[in-house]
Amino acid sequence: MTASFENLANTPYVILAALSRDETGQCALFEAARVAASRPHCELHVVYVADAGDVSEAGDLISLERNLARAPAALDNQIDRLHELMPARVTAHVRAGQP
């Protein structure tokens, strides 16, 4: 049983922050980064969900594709603002779905 506890000690502590592209998303990112910086072996992951809504029509699908195409740049901007204040390694995830 001791070996499994030793493995847990080396397992990264993962913080997942769900982001929006507004001020609350920026606050969530900064708070998650602050917590991550205070823990050893911590990984910060952020996720942005592009609203898929009802993609039953071709126009809706095109709109979703545009949202997904814009999401990485929006996340980059938020992460760049974070890096101006504190260096942090951030893994970003972009998904389509219902936020």
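## A tour of the predicted chain

Buried residues make up 25% of the 99 residues in the protein chain. The model is predicted, so begin with confidence before any close-up.

**Stop 1: colour by pLDDT.** The chain has a mean pLDDT of 78. Of its residues, 77% reach 70 or more. Select helix α1, residues 2-10: confidence is lowest there, at a mean of 64. Now select β1, where confidence is highest, at 89. Where pLDDT is low, the predicted coordinates should not be read in detail.

**Stop 2: switch to cartoon.** Three helices and three strands are on show. Trace them from the N terminus and the order reads α-β-α-β-α-β. Then turn on contacts. Among those with a separation of 6 or more, 72% join residues 24 or more positions apart.

Stop 3: The accessible surface comes to about 6700 Å². Carbon and sulfur atoms account for 55% of that area.

**Stop 4: go inside.** Which residues have the most contacts inside the largest nonpolar core? Select L19, L29, L44, V46 and V90. The core has 16 residues in total. Several elements each supply at least two of its residues: β1 (13-19), α2 (23-37), β2 (42-51) and α3 (58-85).

Stay on V46 and show its surroundings. Leave out its neighbours within four places in sequence. What remains in contact with V46 is L16, A17, L19, L29, I79, V90, T91, A92 and H93.

**Stop 5: the helix α2 pair.** Select R34 and E31. They form a salt bridge, with the closest N and O atoms 2.5 Å apart. The count for the model is one salt bridge. Why can these two residues be found about one helical turn apart? Because R34 and E31 lie three residues apart in helix α2. Check the exposure of each side of the pair. R34 is partly exposed, with a relative accessible area of 45%. E31 is partly exposed too, at 40%.

**Stop 6: the cysteines.** How many disulfides does the model hold? The count is zero. C42 has 22% relative accessibility. The cut-off for buried is under 20%, so C42 counts as partly exposed.

**Last view.** Return to the whole chain, coloured by confidence.

Conventions
Residues numbered from 1 in each chain as written. Predicted model: local features only at pLDDT ≥ 70, side-chain atom pairs only at ≥ 80, totals over all residues. Heavy atoms only, no water. Core = buried A, V, L, I, M, F, W, Y, C linked by side-chain atoms within 4.5 Å. Buried < 20%, exposed > 50% of the residue type's maximum accessible area, 1.4 Å probe, protein only. Helix = DSSP H or I, 4+ residues; strand = E, 2+ residues; numbered from the N terminus. Contact = heavy atoms within 4.5 Å. pLDDT = per-residue confidence, 0-100. Areas by Shrake-Rupley, 256 points an atom, 1.4 Å probe, with all protein chains shown as cover. Disulfide = S-S within 2.5 Å. Salt bridge = Lys/Arg side-chain N within 4 Å of Asp/Glu carboxyl O.
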